[in-house]
Amino acid sequence: MLQDLNTFLVDLLGPAGPFLALGAFGIFIVSLAIPIMLAQRPDPFERIKGVHQAPSAAGNVSGLRRGENEIASLDRFAQYLEPTDQKDFTQTQLKLVQAGYRGRNSVRTFHAAKLVLGLGGLVLGLLWVLIFERGTADLNKVIFIILGPGVVGYYAPVYWVNRRRDQRMDEITNGFPDALDLLLICVEAGQSLDQSIQKVAREIRLGYPVLAEEFTIIANETYAGKDRATVLRDLSERTGANDIKAFATVLIQSATFGTPIGEALRVYAAEMRDKRVTKAEEKANTLPTKMTLATMMFTVPPLLVILVGPSVYDIYLYLGR
């Protein structure tokens, strides 16, 4: 029976017919198992545990707890879409925050996108083989066509997040010297640090929206009563930029040792301006090296044609005689 089935698949789909059928069966099983896993009911022991929890003294707190339980019931699928290791979960969440995705379900959405795009790529590769490569492709080509789109789809969200993260870091790094100069001016004008941060966030919103958003978060967290040192450390973790980390360290040390914030900002702003000039000089120094290849590719060949072309043509006519 197995031999007859193998012969039928080879006649229908070519030499790679058994492997195609096995891959299609695997994708079907995975697609069938995912809805069953997602529709799984919560553990009854967890429900009993939630019922026997100590009630809160205040009615509004109990209402909030009921709301949290309802949200938890909606999030029962998280165990299938989030890493079980807390370290991996924290690293993924930090990377997504640095890329600008601060939502509560960002980690879950990220892994769901990897799963959906990976399976979608496998299905598309399998359909391509069944439609266009049936009976003509060898085994290696079939495996490459099926697995290639799946691998690309699986790692596409990773590439997108890393790209967004690098773009945000570059935008923050480019706009931070200007924002620091404005912050220094506001502090020296007599405003407090919190008022200066709010003012700078409003002023740079059009030019540097990412940095303005981070400054707005600082102002809101400080207004809500969060410790300034904790707010600054969270800022350095959210952005991941070295300049922001140094800025947070300067402000924390200034508050710890009691030095004036204006003086610390003045020294650091001068260092940032020198650093910007140094980066501009480095880019200017690398420009001749980058232009060498372009000069050789687009200037030398036309120049050779113009200089050597007439001589080659004359030699050709002379030899033709």
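Lys 226 and Asp 234 form a salt bridge whose closest N and O atoms are 2.6 Å apart. The term salt bridge denotes a side-chain nitrogen of Lys or Arg within 4 Å of a carboxyl oxygen of Asp or Glu. Lys 226 is partly exposed, because its relative accessible area is 33%; buried means under 20%, exposed over 50%, and partly exposed in between, with a 1.4 Å probe and protein chains only.

The structure is a predicted model, in which local features need pLDDT of at least 70 and side-chain atom pairs count only at pLDDT 80 or more, while totals for chains, interfaces and linings use all residues. Residues are numbered from 1 along each chain as its sequence is written, and side-chain values use heavy atoms, with hydrogens and water left out.

**Salt bridges**

The whole structure holds 12 salt bridges. Three of them are listed here.

| Pair | N to O distance |
|---|---|
| Lys 226 and Asp 234 | 2.6 Å |
| Arg 102 and Glu 213 | 2.6 Å |
| Glu 214 and Arg 168 | 3.0 Å |

The side chains of Arg 102 and Glu 213 meet in one of these salt bridges. Arg 102 lies in the loop between α6 and α7 and Glu 213 in helix α10 (residues 209–223), so this pair ties together parts that are 111 residues apart in sequence. Arg 102 counts as partly exposed because its relative accessibility is 30%, and Glu 213 is partly exposed with a relative accessible area of 33%.

A further salt bridge joins the side chains of Glu 214 and Arg 168. Since Glu 214 lies in helix α10 and Arg 168 in helix α8, the pair ties together parts 46 residues apart in sequence. Glu 214, at 0% relative accessibility, counts as buried, and Arg 168, at 7%, counts as buried too. Leaving aside its neighbours within four places in sequence, Arg 168 is in contact (heavy atoms within 4.5 Å) with residues including Gln 98, Gly 100, Arg 102 and Glu 213. A network of salt bridges links Arg 102, Arg 168, Glu 213, Glu 214, Glu 221 and Arg 238.

**Helices and overall form**

The protein has 14 helices and 0 strands; helices (H or I, at least four residues) and strands (E, at least two) are DSSP runs, numbered from the N terminus. Of its 321 residues, 26% count as buried. Among contacts with a separation of 6 or more, 65% come from residues 24 or more positions apart.

Helix α6 covers residues 86–98. Its 13 residues should span 18 Å at 1.5 Å a residue, and its end C-alpha atoms are 18 Å apart, which agrees; the expected span is 1.5 Å times one less than the number of residues. Phe 89, Thr 92, Leu 96, Val 97 and Gln 98 are buried in α6. The buried residues of α6 pack against α7 (106–132), α8 (139–188) and α11 (228–239). Just after α6, Gly 100 has a positive phi of about 105 degrees.

**Surface**

The accessible surface comes to about 21700 Å², and 64% of it belongs to carbon and sulfur atoms; such areas come from the Shrake-Rupley method with a 1.4 Å probe, and for residues only the protein chains shown count as cover. A nonpolar patch on the surface, with about 750 Å² of accessible area together, includes Met 296, Val 300 and Leu 303. Helix α14 (residues 300–320) gives the largest share of this patch, 7 residues. Met 296 is found in helix α13 (residues 261–298), and Met 296 counts as exposed because its relative accessibility is 53%. Patches are made of residues with over 30% relative accessible area and no salt bridge, with like charges joined within 9 Å and nonpolar side chains (Val, Leu, Ile, Met, Phe, Trp, Tyr) within 5 Å.
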